[in-house]
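Work through the exercises below with the sequence and coordinates open. Each task is followed by a solution in steps.

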Amino acid sequence: MVRLLILLLAVGILAGAQAPDELQTLIGQGEAAVRRLGDKLAAGRAQGHDTALPEAALAVGELFCRFARADADQDDLRPGALAAMRYVAKLLAATEQEADEVLAGQHQWPRIPQWNTVGVTARDGGFWVGQEPVFLSGMNWDAGIADQEPELARRLGINLVDSSLRGTMRPDGEWDFGEFNGRFGPYFERMEQAGFAVDALLGYNPPKW
């Protein structure tokens, strides 16, 4: 009886040690789904389909897999990463199925305009670039993503990025634009080249005087 209990305990410990890690499994499956979906969207573009809509889902899948790999070894972040990857698994599976249907000629993805939002103005209850109405799509996100990976931001459907600009008030009460021009000018130039509008939060450093 004792030998049987020891054997069962050993088998249980071994099974527990070899039990697959759900998060790592989901990450691996997600990365494989990303590759498959990428190939299907490339085939769709070759057929003349507008893939902007599923491309956003693909970009979300890529990002979540990247974030989950970084969070997998941190105990406090693992639960969130696991929940995210469970969602991504459903998202990619649904988008893959839709891609199969499009490639089979059953339906098409809707066309999503790729608006250039440089020089956007607000009037008549909407946003315009020249005479063309545009839809601003952005998020209060680290603007460094758009700065470093502008194509990824565009794939996510983003055309408005945020930034926080700080400067210093001079003793005469006027704004010192030295920091603005030196530090943020190049950033605005890069965003303009990428076709993004910038939602800038202006702040100032309290005068030392």
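A salt bridge is a side-chain nitrogen of Lys or Arg within 4 Å of a carboxyl oxygen of Asp or Glu. The model is predicted, so local features need pLDDT of at least 70 and side-chain atom pairs count only at pLDDT 80 or more, while totals for chains, interfaces and linings use all residues. Residues are numbered from 1 along each chain as its sequence is written, and side-chain values use heavy atoms, with hydrogens and water left out.

**Exercise 1.** Find the salt-bridge partner of Arg-36 and state which elements the pair ties together.

Step 1. The partner is Glu-96, with the closest N and O atoms 2.9 Å apart.

Step 2. Assign the elements, which are DSSP runs numbered from the N terminus (helices: H or I, at least four residues; strands: E, at least two). Arg-36 belongs to helix H2 (residues 22–46) and Glu-96 to helix H4 (residues 78–103), so the bridge ties together parts that are 60 residues apart in sequence.

Step 3. Classify accessibility: buried is under 20% relative accessible area, exposed is over 50%, and partly exposed is in between (1.4 Å probe, protein chains only). Arg-36 is partly exposed at 41%, whereas Glu-96 is buried at 10%.

**Exercise 2.** Describe the salt bridge between Arg-111 and Asp-50.

Step 1. The closest N and O atoms of Arg-111 and Asp-50 are 3.9 Å apart.

Step 2. Arg-111 sits in the loop between H4 and strand E1 (121–123), and Asp-50 in the loop between H2 and helix H3 (52–71), so this pair ties together parts that are 61 residues apart in sequence.

Step 3. Arg-111 is exposed, with a relative accessibility of 63%; Asp-50 is buried, at 17%.

**Exercise 3.** Which residues of the largest nonpolar core touch the most other members?

Step 1. Apply the criterion: a nonpolar core is a set of buried Ala, Val, Leu, Ile, Met, Phe, Trp, Tyr and Cys residues joined through side-chain atoms within 4.5 Å.

Step 2. Of the 19 residues in the largest core, those touching the most other members are Leu-23, Leu-37, Ala-68, Met-85 and Leu-92. The elements giving two or more residues to this core are H2, H3 and H4.

Step 3. List the contacts (heavy atoms within 4.5 Å) of one of these residues. With neighbours within four places in sequence left aside, Leu-37 is in contact with Leu-58, Leu-92, Thr-95, Glu-96 and Ala-99.

Step 4. A second, separate core has twelve residues, among them Ala-59, Leu-63, Ala-146 and Tyr-187.
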